[in-house]
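Please open the structure in your viewer and follow this tour one selection at a time.

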Amino acid sequence: METPKTSSLIPSFLYSSSPRSILRDSNAAFSSPILEKSRSSPAATMVSRKSFLIASPTEPGKGIEMYSPAFYAACTFGGVLSCGLTHMTVTPLDLVKCNMQIDPAKYKSISSGFGILLKEQGVKGFFRGWVPTLLGYSAQGACKFGFYEFFKKYYSDLAGPEFAAKYKTLIYLAGSASAEVIADVALCPFEAVKVRVQTQPGFARGMSDGFPKFVKSEGYGGLYKGLAPLWGRQIPYTMMKFASFETIVEMIYKYAIPNPKHECSKGLQLGVSFAGGYVAGVFCAIVSHPADNLVSFLNNAKGATVGDAVKKIGMVGLFTRGLPLRIVMIGTLTGAQWGLYDAFKVFVGLPTTGGVTPAPVIAAAEA
């Protein structure tokens with residue numbers, strides 16, 4: 001007797017390559033032995049009415065099943081690599097950007113900012129604060145990508161196949177916002193120490209001496225003083241990052257590439273991930289820049305408030321100070337993050353993110 005395939009409750013239409021595959025998967029699901037069994041059990045029948053069961057898709061020859069614990073673990077670790085390594089790599093750019101935001105009279109431009117830092121602190125100074133950057137953004141990336149995949153599936157299940165397909169962008173937005181709320185709680189203490197180390201020469205050499213010095217000065221509560229503006233910066237940023245990426249990648253496969261995604265080479269798919277990530281990053285930088293200025297100001301000045309920041313920087317300054325450098329930095333950063341994240345997913349046998357248009361089950365049935 002053949003053993004039935006393991007099935008799980010997932011919105012596979014979000015990842016189906018065509019309406020026909022939706023019908024095939026859903027029909028197979030409704031005739032599966034699991035549902036046959038459910039007819040004899042009232043409890044199971046109630047579950048089966050809420051959502052249909054579909055076999056989770058996996059890459060051929062690989063062992064990770066979509067939406068299994070191993071899948072979420074892989075996405076979480078991919079997020080660690082994606083965010084931690086990229087943010088650490090652009091520490092010199094971040095250092096100049098933070099100083100331009102805090103002291104624009106001294107750091108008037110990108111080129112002069114690099115020159116001043118090189119003259120005052122040497123080449124070593126360009127990587128000041130790299131440890132809190134690596135640790136903080138690794139923690140943030142783990143939560144950001146891992147929980148995004150979780151919430152995207154969770155909200156899709158709540159909405160059901162038809163509404164999840166119709167309002168897919170809202171699901172991307174809600175999933176990414178939910179994930180970022182958690183991710184910023186992990187990031188905030190490291191971000192506070194990083195900004196203080198980078199913008200106040202002599203405060204500390206790095207994380208090991210900067211963290212206890214910060215706590216001694218402002219208490220543990222001071223580590224989360226910038227949480228609200230961090231949410232204000234990162235939640236819009238992440239919503240734009242994920243929703244625009246998913247949309248851009250879908251459009252690239254639809255209009256720019258003649259072959260369906262599953263027929264494209266992995267190299268081409270990763271190139272699409274980088275390109276989609278870079279364009280999404282430009283939008284992210286613009287949307288989140290005012291809050292980024294607030295975070296830098298509050299973490300640099302002891303006892304400062306949002307009102308103090310607005311008064312000192314000005315409304316125009318909040319939107320424009322350090323923006324060109326941040327567009328370059330965030331565009332490159334976001335493109336590299338999506339490239340690394342999807343490269344790791346491919347390495348462990350998972351498909352790259354995005355690129356398939358959800359199709360409602362009802363519409364498919366009528367076709």
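How much space lies in the largest cavity? The model is a predicted one, and in its largest cavity there is about 170 Å³ of space. A search of the whole structure finds 2 cavities of 30 Å³ or more.

To find the largest cavity, select H87, Y137, R233, M329 and I330, which are the closest to its centre among the 20 residues that line it. Next, colour the elements that each give two or more residues to this lining, namely helix 4 (69-89), helix 5 (91-102), helix 7 (130-159), helix 9 (168-199), helix 11 (227-256) and helix 15 (323-347). If you then colour by domain, you can see that domain 1 (64-224) and domain 2 (236-352) each supply at least three residues to the lining of the largest cavity. Sorted by residue class, the lining of the largest cavity holds 9 charged, 5 polar and 6 nonpolar residues.

Now select F245 and W338, which form a stacked aromatic pair with 3.7 Å centre to centre and 0 degrees between the planes. This pair joins distant parts of the chain, since F245 lies in helix 11 and W338 in helix 15, 93 residues apart. The structure holds 21 aromatic pairs.

Finally, colour the chain by pLDDT, whose mean is 81, with 80% of the residues at 70 or more. Select residues 1-61, where the pLDDT is below 50 and where the model has 85 contacts beyond near neighbours in sequence. Select residues 358-367 as well, over which pLDDT stays under 50 and for which there are 18 contacts beyond four places in sequence. Where pLDDT is low, predicted coordinates should not be read in detail.

Conventions
Residues are numbered from 1 along each chain as its sequence is written. This is a predicted model: local features need pLDDT of at least 70, side-chain atom pairs count only at pLDDT 80 or more; totals for chains, interfaces and linings use all residues. Side-chain values use heavy atoms; hydrogens and water are left out. On a 1 Å grid over the protein atoms alone, a cavity is a set of points where a 1.4 Å probe fits but cannot get out, and a pocket is an open set with protein on both sides within 12 Å along at least five of seven lines; lining residues have an atom within 4 Å of a point. Grid points are joined across faces, edges and corners, and a volume is the space filled by probe spheres set on the points. Helices (H or I, at least four residues) and strands (E, at least two) are DSSP runs, numbered from the N terminus. Ala, Val, Leu, Ile, Met, Phe, Trp, Tyr, Cys and Pro count as nonpolar, Asp, Glu, Lys and Arg as charged, and the others, Gly among them, as polar. Domain bounds come from an automatic or database domain assignment. pLDDT is the predictor's confidence in each residue, from 0 to 100. Contact means heavy atoms within 4.5 Å. Rings of Phe, Tyr and Trp (its six-membered ring) pair if their centres lie within 6.5 Å; planes under 30 degrees apart count as stacked, over 60 as edge-to-face and the rest as tilted.
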